[in-house]
Amino acid sequence: QVQLVESGGGLVQPGGSLRLSCAASRSIFSTNSMGWYRQAPGKERELVATLTRGGSPKYADSVKGRFTMSNSNARSTVYLQMNSLKPEDTAVYYCNMRWVDLEGAFWGQGTQVTVSS
């Protein structure tokens, strides 16, 4: 019965920044993976960033150097800092988490990011 609640999306100009948050109703200390995905209208879902237990964040080439994934165990929250935003970053962004002791993956409700002047 884990719930993930996303926030932080909105409208931003090209070159601007946004910080997305994904708060879990369960401790994220025992997650085995956390990730951010995005989907634009008519496009396939795309993996943006992922963090696997024991590893370091990995990013899609399209966002590397601009986006940074991090987390707070104390707040049970994962973040996606997005800098130097481009119009092609416009999409609905979803967070995803898997726990070592739970079956399957859990998804946030999605948050809209629109990059436009």
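Leaving aside neighbours within four places in sequence, which residues is Ser72 in contact with? The legends below get to that, starting with the sheet around it. This is a predicted model, where local features need pLDDT of at least 70, side-chain atom pairs count only at pLDDT 80 or more, and totals for chains, interfaces and linings use all residues. Residues are numbered from 1 along each chain as its sequence is written, and side-chain values use heavy atoms, with hydrogens and water left out.

**View 1. An open sheet of 4 strands, in the order E1-E3-E8-E7.** The pairing is antiparallel. Strands here are DSSP runs (E, at least two residues), numbered from the N terminus, and two of them pair if DSSP finds at least two bridges between them. E1 (4-7) and E7 sit at the edges with a single partner strand each, so one side of each has no neighbour in the sheet.

View 2. E7 (residues 67-72) and E8 (residues 77-82) run antiparallel and share 6 bridges. Met69 has Leu80 as its bridge partner in E8, and Ser70 stands opposite Tyr79. There are 4 residues between the two strands, and Ser76 in the turn has a positive phi of about 50°.

View 3. Ser72 counts as buried because its relative accessibility is 13% (buried means under 20% relative accessible area, with a 1.4 Å probe and protein chains only). A polar atom of its side chain lies 3.2 Å from the backbone nitrogen of Arg75. Back to the opening question: leaving aside neighbours within four places in sequence, Ser72 is in contact (heavy atoms within 4.5 Å) with Ile28, Thr77 and Tyr79.

Key:
Buried < 20%, exposed > 50% of the residue type's maximum accessible area, 1.4 Å probe, protein only. Polar contact = N/O pair within 3.5 Å; in protein donor to acceptor, adjacent residues only side chain to side chain.
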